[in-house]
Amino acid sequence: MRIFVAGASGAIGTRLVDQLIDQGHEVIGTYKSHGERIRGATAVPLDLLDAAAVRRAVLEAQPDAIVHQATALADMRFSRNFDRGFAVTNRLRTEGTDALLAAAREAGVTRFVAQSFASMRHARTGGMVKTEEDPLDPDPLPSTRESHAAMRHLDGAVVDAGGIVLRYGGFYGAANDGLIEPVRKRQFPIVGDGAGVFSFVHLDDAAAATVLALEAGRPGIYNVVDDEPAPVREWLPVMAEALGAKPPRHVPRWVARLIAGDAAVAIGTTSRGVSNAKAKRELGWTPRFPTWREGFRVAYAGFRGEPSGYEPERARSSAGSVR
Ligand SMILES: NC(=O)c1ccc[n+]([C@@H]2O[C@H](COP(=O)([O-])OP(=O)(O)OC[C@H]3O[C@@H](n4cnc5c(N)ncnc54)[C@H](OP(=O)(O)O)[C@@H]3O)[C@@H](O)[C@H]2O)c1
């Protein structure tokens, strides 16, 4: 297939391009400012927030399929106002998605896959692990409303257009992973009982699932996460150890609320993770790192100055490389 990858120079985009090329696909990859990161594909500069430019780029490329992997999360700092950090990403998820879908329609492209996010989005009631069918949070916290709305918009618009939404877990395996510094500096604590559940996925596994979705996925939503959704109190100490950092601090909810705000408390105590059963069943996807327990050890070994011993099978990229 001839595949148009928007956001090909990012953490997932670079790995996806590598794997698509390894599978014999032809790739046109777009970037905002890091074209040098795109290897083996035709690199095209594109601002996804410029709908006319998106239209031109897609019509010119004449692809068989389009993948939307553009976010603006490099160098992002988490703050009390969650939505502020996600403002541009939210626009890429709303305006950017709409521009790509409109261009796809005009170009007659029916195969469309877009990046969404899996955990922390579901109703914070009932079971701690949710499927694609379970309801999203009907009343997100005020500081997170715009980000929730942007993800809902992307999910809805892509599914309505007959496309595929991949709700990825928290990515790890990139050197600019936003959790590394806070965990090293013990700035990411276990809040209260630490019962909030996260789902993770290694970037190489996320890219592999994306290739499968492009080749054989059916329209709809797929959770692309590893096999072990886990509460913060379990995964955070393992990540700290993998990074060679001291164990995380514990803080009561009221202290976390005062310092970091309501969203941080909800993420640490009540958020839900998701199940990958549908992606495994329907895409035939088997994550190479079924659990973050092993994945963190391998991905973060480089950050302790130890060799990871891990060579990506299908990707030229390796865990810990700067992308
Ligand atoms: N599910 C998750 O947990 C998740 C999801 C996404 C990202 N992340 C993490 O966030 C960190 C940063 O991600 P990243 O390195 O991929 O960087 P990023 O800044 O999120 O960029 C992603 C891609 O979008 C492109 N882009 C940015 N603004 C754009 C615009 N206005 N129009 C078109 N394309 C645009 C970037 O191009 P240029 O690079 O050329 O500017 C890049 O190709 C990484 O550690 C990553 O793992 C996590």
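Arg-272 is placed in the loop that joins helix 10 (262-269) to strand 15 (273-274); helices (H or I, at least four residues) and strands (E, at least two) are DSSP runs, numbered from the N terminus. At a relative accessibility of 7%, Arg-272 counts as buried, where buried means under 20% relative accessible area, exposed over 50%, and partly exposed in between (1.4 Å probe, protein chains only). Not counting residues up to four places away in sequence, Arg-272 touches a set of residues that includes Ser-119, Met-120, His-122, Gly-126, Gly-127, Lys-130 and Val-197; contact means heavy atoms within 4.5 Å. Arg-272 and Leu-92 are 180 residues apart in sequence, and their C-alpha atoms are 25 Å apart in space.

The structure is a predicted model, in which local features need pLDDT of at least 70 and side-chain atom pairs count only at pLDDT 80 or more, while totals for chains, interfaces and linings use all residues. Residues are numbered from 1 along each chain as its sequence is written, and side-chain values use heavy atoms, with hydrogens and water left out.

The confidence of the prediction comes next. The protein chain has an average pLDDT of 93, and 94% of the residues score at least 70; pLDDT is the predictor's confidence in each residue, from 0 to 100. Over residues 314-323, however, pLDDT stays under 50, although the model has 40 contacts beyond four places in sequence for them. Where pLDDT is low, the predicted coordinates should not be read in detail.

The chain as a whole may now be considered. Its secondary structure comes to 12 helices and 15 strands. The radius of gyration of the protein chain is 19 Å, close to the 20 Å that the globule rule gives for 323 residues, so the chain is as compact as a globular protein of that length. This radius is taken over C-alpha atoms, and the globule rule is 2.2 Å times the number of residues to the power 0.38. Along the principal axes, the C-alpha atoms fill a box of roughly 55 × 45 × 35 Å. Of the 323 residues, 54% are buried. Among contacts with a separation of 6 or more, 78% are between residues 24 or more positions apart.

The accessible surface of the protein chain comes to about 13,800 Å², and carbon and sulfur atoms account for 52% of this surface. Such areas come from the Shrake-Rupley method with a 1.4 Å probe; for residues, only the protein chains shown count as cover.

Several further positions show how individual residues are placed. Ser-9 is in the loop between strand 1 (2-6) and helix 1 (11-22), and Ser-9 is buried, with a relative accessible area of 10%. Beyond its neighbours up to four places away in sequence, Ser-9 touches Thr-14, Thr-30, Tyr-31, Lys-32, His-34, Arg-37 and Ile-38.

Phe-86 occupies the loop between helix 3 (82-85) and helix 4. Phe-86 is buried at a relative accessible area of 11%, and its contacts, leaving aside neighbours within four places in sequence, are with Leu-73, Met-76, Phe-78, Arg-93 and Ser-147. Val-109 counts as buried at 8% relative accessibility and touches Pro-63, Asp-64, Ala-65, Ile-66 and Ala-104, not counting residues up to four places away in sequence. The C-alpha atoms of Val-109 and Pro-237, 128 residues apart along the chain, are separated by 45 Å.

Ala-207 belongs to helix 7 (residues 203-216). Its relative accessible area is 0%, and Ala-207 is therefore buried. Neighbours within four places in sequence aside, Ala-207 is in contact with Ile-12, Arg-15, Leu-16 and Gln-19.

Two residues other than glycine have a positive phi. For Gln-62, phi is near 50°, a positive value in a residue other than glycine; this residue lies in the loop between helix 2 (51-61) and strand 4 (65-68). Gln-62 counts as exposed, at 60% relative accessibility. For Arg-186, phi is near 60°, again a positive value in a residue other than glycine. Arg-186 is found in the loop between helix 6 (180-184) and strand 9 (190-191), and at 24% relative accessibility Arg-186 counts as partly exposed.
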